[in-house]
Amino acid sequence: MSDMKDVTGGCHCGAVRFEAKVDLSQTNVCNCSHCEKKGFVLSFTPRENFRLLQGEDQLTEYRFNKKKIAHVFCKTCGVQAFAWGEAPDGAQMAAVNARCIDGVDLKALTPVQIDGRSF
Ligand SMILES: [Zn+2]
């Protein structure tokens, strides 16, 4: 069941801000080397549901492994509020870092574990 909600969020210093429609009943954590270090709780949403409000020029990009996902983070505070990626069917997606959503109740989330280490 989908439960899309309008949210806003951003990095720590406030340079990068976004708004998005996300379904916070569908989040995941991943055990790949990158997600484990950053502690992401991610909510994937179609790219058209995501809008960067400010800070495009503040973003620095990091890619690794198959380089398919653009991990963009604030060059001032280092926080990665979201990433650009692609679904297996080629659909353009935004991976929103639920930890960076304004007022999010992290304890209320029930993330599904993804075995990214094996991808
Ligand atoms: Zn920042």
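**Notes on the model**

1. N65 is found in the loop between β6 (59–62) and β7 (70–74); strands here are DSSP runs of E with at least two residues, helices are runs of H or I with at least four, and both are numbered from the N terminus. The model is a predicted one, in which local features need pLDDT of at least 70 and side-chain atom pairs count only at pLDDT 80 or more, while totals for chains, interfaces and linings use all residues. Residues are numbered from 1 along each chain as its sequence is written, and side-chain values use heavy atoms, with hydrogens and water left out.

2. N65 has a phi near 55 degrees, a positive value in a residue other than glycine. K67, also not a glycine, has a positive phi of about 60 degrees and lies in the loop between β6 and β7. Most residues other than glycine have a negative phi. N65 is exposed, with a relative accessible area of 56%, whereas K67 is partly exposed at 47% (buried means under 20% relative accessible area, exposed over 50% and partly exposed in between, with a 1.4 Å probe and protein chains only).

3. Which atoms coordinate the zinc ion? They are the SG atoms of C11, C13, C74 and C77, at 2.3 to 2.4 Å (donors are N, O and S atoms within 2.8 Å of the metal, or 3.2 Å for Na, K and Ca; water is not among the atoms, so sites may look incomplete). The four donor atoms subtend angles of 106 to 118 degrees, so the arrangement is tetrahedral (four donors count as such if all angles lie between 85 and 135 degrees). Along the sequence, the spacing of the donor residues is C-x1-C-x60-C-x2-C. C11 is buried at 10% relative accessible area, whereas C13, at 41%, is partly exposed.

4. Strand β1 (residues 4–10) and strand β2 (residues 17–23) pair in the antiparallel sense over seven bridges (two strands pair if DSSP finds at least two bridges between them). K5 stands opposite V22 in β2. Six residues separate the strands of this hairpin, and G14 takes a positive phi near 95 degrees there. T8 lies in strand β1 and is partly exposed, with a relative accessible area of 31%. From T8 to A70 there are 62 residues in sequence and 20 Å in space, C-alpha to C-alpha.

5. β9 pairs with two strands described here. It runs antiparallel to β4, to which five bridges join it, and N97 in β9 is the bridge partner of L42. Five bridges also link β8 and β9 in the antiparallel sense, with F82 opposite V96 in β9. The hairpin of β8 and β9 has five residues between its strands, and G90 in the turn has a positive phi of about 90 degrees. β9 is mostly covered, as five of its six residues are buried.

6. How much space lies in the largest pocket? The volume is about 820 Å³ (on a 1 Å grid over the protein atoms alone, a pocket is an open set of points where a 1.4 Å probe fits, with protein on both sides within 12 Å along at least five of seven lines; lining residues have an atom within 4 Å of a point; points are joined across faces, edges and corners, and a volume is the space filled by probe spheres set on them). Of the 32 residues that line this pocket, the closest to its centre are F44, K68, I69, E86 and F119.

7. Several elements contribute to that lining. β3 (28–30), α1 (33–38), β4 (42–46), β8 (82–86) and β9 (92–97) each supply at least two residues. The largest share, five residues, comes from β8. The lining divides into 17 nonpolar, nine polar and six charged residues (Ala, Val, Leu, Ile, Met, Phe, Trp, Tyr, Cys and Pro count as nonpolar, Asp, Glu, Lys and Arg as charged, and the others, Gly among them, as polar).

8. L106 is found in the loop between β9 and β10 (112–114) and is partly exposed at 35% relative accessibility. L106 and L24 are 82 residues apart in sequence and 9.8 Å apart in space, C-alpha to C-alpha. V112 is found in strand β10 and is exposed, with a relative accessible area of 52%.

Methods: Four donors count as tetrahedral if all angles lie between 85 and 135 degrees; four count as square planar and six as octahedral if opposite donors are over 155 degrees apart and all others between 65 and 115; anything else is irregular.
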